[in-house]
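Let's take a friendly walk through the side-chain interactions of this model. Have the sequence and the 3D view at hand as you read.

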Amino acid sequence: MVQKATSLTDIYNLFKPMALTGEQAAFYQNTAAVRDGACYEFHEGLYQRICQSTDREHLLVVGHGGCGKSTELMMLKSKLDADEAPVILVEAEDDLDLYNFSYIDLFMLIVERTVRYADDHNFTIDSHIVSAFQRALSTRTTREYWSHDADAGVDTELRAATPSVLSFLKASVKITAALKMASGLNEELRREIQPQISDIIESLNALIDNLQRQTSKPIVIIIDGLEKCRFESVRKLFVEDIASLATLDAHLVMACPIAVYRLVDEAVLSSYFFAPRVIPLIKTHNNDRDRSAFEAGVKVIKELILKRVDASFFEKRVLEKIIAKSGGSLRDTCQILSNCAFEAEMRKNETIDMDATDFVLKKYANDVFFRVDSAFYPRVSKIYQGDFEARQDSELTELLYSGAVFEYNGECWIDLHPLVCDYIEDHPKVFDWDGTDNSEE
């Protein structure tokens, strides 16, 4: 089990914005009550839907980047692992070309991860299924990938597999690696695979069924991290290609960025995913004129932080300020804390003081504000002045995606990131610019 921080260096590392691992389970903080009033945590709801279902469950997890989706999915995986249920995990940040991917890339990753899981856990794969994949995936580019040479670019831990499965593993690993390459090769490979995609999906479902017959536990596929990918690729996945993913004959739990969810017709997604659920940010202030503090939310985030580090590492009022300025985004809270610890250490401090904190917050405010296209300044100005109403439009989609605007507590009200408000207060003429360059030559 990972221990609490005992130094600024520990704080810097413990608060890097990443999902909790199983070893860090003691750091998990219950937050549902101050998110939307639920009496159980989000991952527990997902877990029970899977356990109680008599059919496959396709579940959509929606939220801001940094709201805690990945941690909830890792907690779900930990519960399923404890039940010895097969979990196929696809993490977009590690496994996809973040700038340019398609649903074909996603399917091939699911294939690779499923075969790896089968090999790691001594499941057998019917030779007819391997042959079906080989026929579907033997294109001009990939034909050379299908080799029974166990020493050609295969990890040593995979060499215990049967020759046919080993060949399957090697080919799928090479295909996913080629699809991730930022070059013309990935586009060519997609064009070659596209005509065979229905056969690949059929073979994947046959593979899932083959493995399911070897275990009493349901197979669960988890797809996470899509908010880190280019918006247009993710939009296309959910708008144009989601029907293909819905054909997977396994429990599917899929994370969706809130900006995409607000853009896509909710009724359409609901036809593929039963009861899509939004994980709201933790509200740290109210939607009143003064943006008064929401003490219950602040308290929960403070408890979360103090599970990892003692309060003695913070000068008076520093921790409360970091929480308030993060606006309920756990990722921003962690990133700011990590950067504050680094800045304090660089200043030869033993604790995080207000000067180091203000320095970090000012830089972060600049970064967040400059994610906003000047075309959206009028909308930003209205929100700043107290227009908290959420409207389904392209402007809000872009502002949610940039992280400059947050949506709160499932009540469909929005506000600027508190650091965007700070930037505007420090630069009162920022909205006066009309796009004309009036500089002297």
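## Salt bridges

A search of the whole structure finds 29 salt bridges, a salt bridge being a side-chain nitrogen of Lys or Arg within 4 Å of a carboxyl oxygen of Asp or Glu. Please keep in mind that this is a predicted model, in which local features need pLDDT of at least 70 and side-chain atom pairs count only at pLDDT 80 or more, while totals for chains, interfaces and linings use all residues. Residues are numbered from 1 along each chain as its sequence is written, and side-chain values use heavy atoms, with hydrogens and water left out.

Some of these charges come together in a network: Lys69, Glu93, Glu227, Lys228 and Arg331 are linked by salt bridges.

Start with arginine 113 and aspartate 95, a salt bridge whose closest N and O atoms are 2.6 Å apart. The pair links distant parts of the chain, with arginine 113 in helix 6 (residues 103-120) and aspartate 95 in helix 5 (residues 92-95), 18 residues apart. Helices here are DSSP runs (H or I, at least four residues), numbered from the N terminus. Arginine 113 is buried, at 19% relative accessible area, and aspartate 95 is buried too, at 13%. For these labels, buried means under 20% relative accessible area, exposed over 50%, and partly exposed in between (1.4 Å probe, protein chains only).

Next, arginine 140 bridges to glutamate 192, with 3.6 Å between the closest N and O atoms. Here arginine 140 lies in the loop between helix 7 (127-137) and helix 8 (163-180), and glutamate 192 in helix 9 (residues 184-193), 52 residues apart. Arginine 140 is exposed, with a relative accessible area of 59%, whereas glutamate 192 is buried at 16%. Finally, lysine 302 pairs with glutamate 320, their closest N and O atoms lying 2.6 Å apart. Lysine 302 is partly exposed at 28%, and glutamate 320 is partly exposed at 33%.

## Aromatic rings

The whole structure holds 13 aromatic pairs. Rings of Phe, Tyr and Trp (its six-membered ring) pair if their centres lie within 6.5 Å; planes under 30 degrees apart count as stacked, over 60 as edge-to-face, and the rest as tilted. One of the pairs, phenylalanine 133 with phenylalanine 168, is tilted, at 4.7 Å centre to centre and 35° between the planes. It links helix 7, which holds phenylalanine 133, with helix 8, which holds phenylalanine 168, 35 residues apart. Phenylalanine 133 is buried at 0% relative accessibility, and phenylalanine 168 is likewise buried at 0%.

Elsewhere, Phe369, Phe370, Tyr377, Tyr423 and Phe431 form one aromatic cluster.

## Charges over rings

The charged end of arginine 230 sits over the ring of tyrosine 99, 4.7 Å from its centre. Such a placement requires NZ of Lys or CZ of Arg within 6 Å of the ring centre and within 35 degrees of the ring normal. Arginine 347 has its charged end over the ring of phenylalanine 359, 5.3 Å from the centre.

## Glutamine 335

Glutamine 335 is found in helix 17 (residues 330-346) and is partly exposed, with a relative accessible area of 29%. Not counting residues up to four places away in sequence, glutamine 335 touches Phe15, Pro17 and Tyr364, where contact means heavy atoms within 4.5 Å. Between glutamine 335 and aspartate 373 there are 38 residues in sequence and 23 Å in space, C-alpha to C-alpha.

Conventions: Helices (H or I, at least four residues) and strands (E, at least two) are DSSP runs, numbered from the N terminus.
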